[in-house]
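Colleague: Please take a close look at the packing inside this model. I would like one connected account.

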Amino acid sequence: MSAQPMLERHARMQVALALIVRRARLSIVHWETRIARDALRALYREVHGEPAPSGQLPTAGGAAITTRHGQLCASVFVLFYQHLQRASSGEHWQDRRSRSIAAMIQAHDLAQLLLGPKNSLEMTLCWMLARDLRMGSARLRPCPQCQIRYLVTEQGRFDQGCPLCARYRSVGLSRLKVGLLGGPFGEDAPSMVSRVVRSPLGGTTDASHAHDSDLSKR
(Lines give C-alpha, C1' and ligand atoms only; values in the text may rest on other atoms or scores of the structure.)
Protein backbone atom coordinates (compact mmCIF):
# COMPACT_ATOMS: atom_id res chain seq x y z
CA MET A 1 0.00 0.00 0.00
CA SER A 2 1.41 3.39 -0.98
CA ALA A 3 1.99 6.07 1.60
CA GLN A 4 -0.24 8.62 -0.15
CA PRO A 5 -3.62 6.98 0.65
CA MET A 6 -2.49 6.46 4.26
CA LEU A 7 -1.55 10.12 4.57
CA GLU A 8 -4.85 11.19 3.06
CA ARG A 9 -6.82 9.03 5.50
CA HIS A 10 -4.77 10.43 8.37
CA ALA A 11 -5.46 14.00 7.21
CA ARG A 12 -9.19 13.30 6.93
CA MET A 13 -9.25 11.78 10.41
CA GLN A 14 -7.43 14.82 11.81
CA VAL A 15 -10.06 17.12 10.28
CA ALA A 16 -12.86 14.92 11.63
CA LEU A 17 -11.38 14.97 15.11
CA ALA A 18 -10.90 18.76 15.04
CA LEU A 19 -14.55 19.26 14.06
CA ILE A 20 -15.91 16.71 16.53
CA VAL A 21 -13.90 18.17 19.42
CA ARG A 22 -15.66 21.46 18.61
CA ARG A 23 -19.03 19.65 18.50
CA ALA A 24 -19.79 20.09 14.81
CA ARG A 25 -22.78 18.12 13.52
CA LEU A 26 -21.80 14.74 12.15
CA SER A 27 -23.51 15.45 8.83
CA ILE A 28 -20.98 18.27 8.36
CA VAL A 29 -18.05 16.12 9.46
CA HIS A 30 -19.10 13.39 7.03
CA TRP A 31 -19.47 15.91 4.19
CA GLU A 32 -15.99 17.32 4.77
CA THR A 33 -14.15 14.03 5.35
CA ARG A 34 -16.22 11.24 3.71
CA ILE A 35 -15.55 9.09 6.77
CA ALA A 36 -18.30 6.55 7.48
CA ARG A 37 -21.03 7.88 9.77
CA ASP A 38 -20.80 4.89 12.11
CA ALA A 39 -17.10 5.60 12.67
CA LEU A 40 -17.86 9.27 13.28
CA ARG A 41 -20.61 8.45 15.79
CA ALA A 42 -18.21 6.18 17.68
CA LEU A 43 -15.54 8.88 17.66
CA TYR A 44 -17.98 11.52 18.92
CA ARG A 45 -19.07 9.28 21.81
CA GLU A 46 -15.45 8.54 22.70
CA VAL A 47 -14.53 12.23 22.73
CA HIS A 48 -17.59 13.63 24.54
CA GLY A 49 -18.94 10.61 26.42
CA GLU A 50 -22.40 11.04 24.91
CA PRO A 51 -24.11 10.43 21.56
CA ALA A 52 -23.91 13.06 18.85
CA PRO A 53 -26.93 15.38 18.55
CA SER A 54 -29.26 14.84 15.64
CA GLY A 55 -31.68 17.06 13.74
CA GLN A 56 -31.94 18.97 10.51
CA LEU A 57 -29.62 21.89 9.86
CA PRO A 58 -31.07 25.28 8.91
CA THR A 59 -30.95 25.90 5.19
CA ALA A 60 -28.93 29.09 5.74
CA GLY A 61 -26.65 30.27 8.50
CA GLY A 62 -28.38 33.64 8.67
CA ALA A 63 -31.62 31.98 9.75
CA ALA A 64 -29.86 30.69 12.87
CA ILE A 65 -28.76 34.18 13.98
CA THR A 66 -31.65 35.46 16.06
CA THR A 67 -30.21 38.53 17.83
CA ARG A 68 -28.14 41.59 16.98
CA HIS A 69 -25.63 40.32 19.53
CA GLY A 70 -25.33 37.10 17.56
CA GLN A 71 -24.92 39.09 14.34
CA LEU A 72 -22.01 40.97 15.89
CA CYS A 73 -20.33 37.75 17.03
CA ALA A 74 -20.88 36.20 13.60
CA SER A 75 -19.32 39.28 11.98
CA VAL A 76 -16.15 38.79 14.03
CA PHE A 77 -15.92 35.15 12.92
CA VAL A 78 -16.42 36.10 9.25
CA LEU A 79 -13.77 38.84 9.46
CA PHE A 80 -11.25 36.31 10.76
CA TYR A 81 -12.32 33.67 8.25
CA GLN A 82 -11.93 35.91 5.22
CA HIS A 83 -8.58 37.22 6.45
CA LEU A 84 -7.27 33.67 6.95
CA GLN A 85 -8.61 32.60 3.57
CA ARG A 86 -6.67 35.38 1.87
CA ALA A 87 -3.55 34.65 3.89
CA SER A 88 -3.56 30.98 2.86
CA SER A 89 -4.29 31.55 -0.84
CA GLY A 90 -0.61 31.18 -1.73
CA GLU A 91 -0.22 27.80 -0.05
CA HIS A 92 -0.43 25.64 -3.17
CA TRP A 93 0.36 22.44 -1.27
CA GLN A 94 -3.19 22.56 0.08
CA ASP A 95 -6.25 22.30 -2.13
CA ARG A 96 -8.96 24.95 -1.91
CA ARG A 97 -11.28 22.82 0.22
CA SER A 98 -8.54 22.01 2.73
CA ARG A 99 -7.63 25.69 3.04
CA SER A 100 -11.26 26.61 3.61
CA ILE A 101 -11.84 24.10 6.41
CA ALA A 102 -8.52 24.99 8.06
CA ALA A 103 -9.37 28.70 7.92
CA MET A 104 -12.84 28.02 9.34
CA ILE A 105 -11.50 26.07 12.33
CA GLN A 106 -8.85 28.68 13.06
CA ALA A 107 -11.33 31.55 12.70
CA HIS A 108 -13.72 29.80 15.11
CA ASP A 109 -10.94 29.45 17.68
CA LEU A 110 -9.74 33.04 17.27
CA ALA A 111 -13.26 34.42 17.61
CA GLN A 112 -13.78 32.34 20.75
CA LEU A 113 -10.50 33.62 22.20
CA LEU A 114 -11.39 37.21 21.41
CA LEU A 115 -15.08 37.18 22.38
CA GLY A 116 -14.98 34.65 25.21
CA PRO A 117 -16.69 31.24 25.39
CA LYS A 118 -20.10 32.71 26.25
CA ASN A 119 -20.15 34.73 23.03
CA SER A 120 -18.53 32.25 20.67
CA LEU A 121 -20.42 30.66 17.80
CA GLU A 122 -21.06 26.96 17.53
CA MET A 123 -18.86 25.25 14.97
CA THR A 124 -21.93 24.12 13.03
CA LEU A 125 -23.03 27.74 12.56
CA CYS A 126 -19.49 28.72 11.56
CA TRP A 127 -19.53 26.04 8.86
CA MET A 128 -22.88 27.25 7.53
CA LEU A 129 -21.71 30.87 7.41
CA ALA A 130 -18.52 29.88 5.59
CA ARG A 131 -20.62 27.94 3.10
CA ASP A 132 -23.00 30.87 2.62
CA LEU A 133 -20.08 33.21 1.99
CA ARG A 134 -18.74 30.92 -0.73
CA MET A 135 -22.22 30.66 -2.29
CA GLY A 136 -22.74 34.43 -2.21
CA SER A 137 -25.80 34.35 0.08
CA ALA A 138 -23.84 36.08 2.86
CA ARG A 139 -21.39 38.96 2.68
CA LEU A 140 -19.74 41.73 4.66
CA ARG A 141 -21.12 45.23 4.29
CA PRO A 142 -19.22 48.40 5.30
CA CYS A 143 -20.92 50.76 7.72
CA PRO A 144 -20.51 54.44 6.72
CA GLN A 145 -20.96 55.53 10.35
CA CYS A 146 -18.65 53.37 12.49
CA GLN A 147 -16.47 52.13 9.60
CA ILE A 148 -16.59 48.43 10.47
CA ARG A 149 -17.72 45.69 8.10
CA TYR A 150 -20.59 43.55 9.37
CA LEU A 151 -22.34 40.40 8.23
CA VAL A 152 -25.55 40.48 6.20
CA THR A 153 -27.32 37.39 4.88
CA GLU A 154 -30.14 36.79 2.44
CA GLN A 155 -32.26 34.98 5.02
CA GLY A 156 -31.29 37.10 8.01
CA ARG A 157 -33.89 38.24 10.52
CA PHE A 158 -32.75 41.87 10.61
CA ASP A 159 -32.65 44.82 8.28
CA GLN A 160 -29.46 45.73 6.49
CA GLY A 161 -28.36 48.21 9.17
CA CYS A 162 -25.17 47.94 11.22
CA PRO A 163 -25.58 45.83 14.40
CA LEU A 164 -22.83 47.73 16.20
CA CYS A 165 -24.52 51.09 15.65
CA ALA A 166 -27.83 49.52 16.69
CA ARG A 167 -26.18 48.28 19.89
CA TYR A 168 -24.99 51.76 20.75
CA ARG A 169 -28.34 53.37 19.93
CA SER A 170 -30.17 50.89 22.16
CA VAL A 171 -28.38 52.25 25.22
CA GLY A 172 -28.38 55.89 24.14
CA LEU A 173 -24.68 56.09 23.30
CA SER A 174 -23.20 57.91 20.33
CA ARG A 175 -21.60 55.93 17.54
CA LEU A 176 -17.84 55.55 17.42
CA LYS A 177 -15.75 55.31 14.29
CA VAL A 178 -14.18 52.09 15.51
CA GLY A 179 -12.75 51.22 12.12
CA LEU A 180 -10.36 54.16 12.28
CA LEU A 181 -8.54 52.66 15.26
CA GLY A 182 -6.36 50.52 12.98
CA GLY A 183 -4.94 47.17 14.05
CA PRO A 184 -4.15 44.00 12.10
CA PHE A 185 -7.47 44.08 10.25
CA GLY A 186 -7.51 47.78 9.34
CA GLU A 187 -11.06 49.02 9.06
CA ASP A 188 -12.54 45.78 10.41
CA ALA A 189 -11.36 46.34 14.01
CA PRO A 190 -12.71 43.07 15.49
CA SER A 191 -11.06 43.86 18.82
CA MET A 192 -13.28 46.93 19.22
CA VAL A 193 -16.34 44.89 18.33
CA SER A 194 -15.32 42.35 20.95
CA ARG A 195 -15.25 45.04 23.64
CA VAL A 196 -18.80 45.99 22.74
CA VAL A 197 -19.91 42.35 22.73
CA ARG A 198 -18.30 41.65 26.10
CA SER A 199 -19.78 44.71 27.79
CA PRO A 200 -23.37 44.24 29.05
CA LEU A 201 -24.18 47.89 28.32
CA GLY A 202 -22.59 48.03 24.89
CA GLY A 203 -19.69 50.26 26.01
CA THR A 204 -16.04 49.49 26.62
CA THR A 205 -14.34 48.41 29.82
CA ASP A 206 -10.77 48.74 31.03
CA ALA A 207 -10.53 44.98 31.57
CA SER A 208 -11.60 44.09 28.06
CA HIS A 209 -9.31 46.77 26.63
CA ALA A 210 -6.39 45.20 28.46
CA HIS A 211 -7.39 41.78 27.14
CA ASP A 212 -7.42 43.05 23.55
CA SER A 213 -4.04 44.74 24.05
CA ASP A 214 -2.59 41.43 25.20
CA LEU A 215 -3.97 39.68 22.12
CA SER A 216 -2.49 42.27 19.77
CA LYS A 217 0.97 41.54 21.19
CA ARG A 218 0.81 37.81 20.54
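Modeller: Buried means under 20% relative accessible area, exposed over 50%, and partly exposed in between, with a 1.4 Å probe and protein chains only. The model is predicted, so local features need pLDDT of at least 70, side-chain atom pairs count only at pLDDT 80 or more, and totals for chains, interfaces and linings use all residues. Residues are numbered from 1 along each chain as its sequence is written, and side-chain values use heavy atoms, without hydrogens and water.

Start with H2. Helices (H or I, at least four residues) and strands (E, at least two) are DSSP runs, numbered from the N terminus. H2 is mostly covered, with six of its eight residues buried. These are Leu-26, Ile-28, Val-29, His-30, Glu-32 and Thr-33. Arg-34 follows H2 and has a positive phi, near 65°.

Now the core. A nonpolar core is a set of buried Ala, Val, Leu, Ile, Met, Phe, Trp, Tyr and Cys residues joined through side-chain atoms within 4.5 Å. The largest one has 42 residues, and Phe-77 and Met-104 have the most contacts inside it. Elements giving two or more residues to this core include helix H2 (26-33), helix H4 (68-87) and strand S1 (138-142). H4 gives the most, nine residues.

Met-104 touches Leu-19, Phe-77, Tyr-81, Met-123, Cys-126, Trp-127 and Ala-130, leaving aside residues up to four places away in sequence; contact means heavy atoms within 4.5 Å. A second, separate core has 10 residues, among them Leu-72, Cys-146, Tyr-150 and Tyr-168.

Last, Val-21. This residue lies in helix H1. Val-21 counts as partly exposed because its relative accessibility is 43%.
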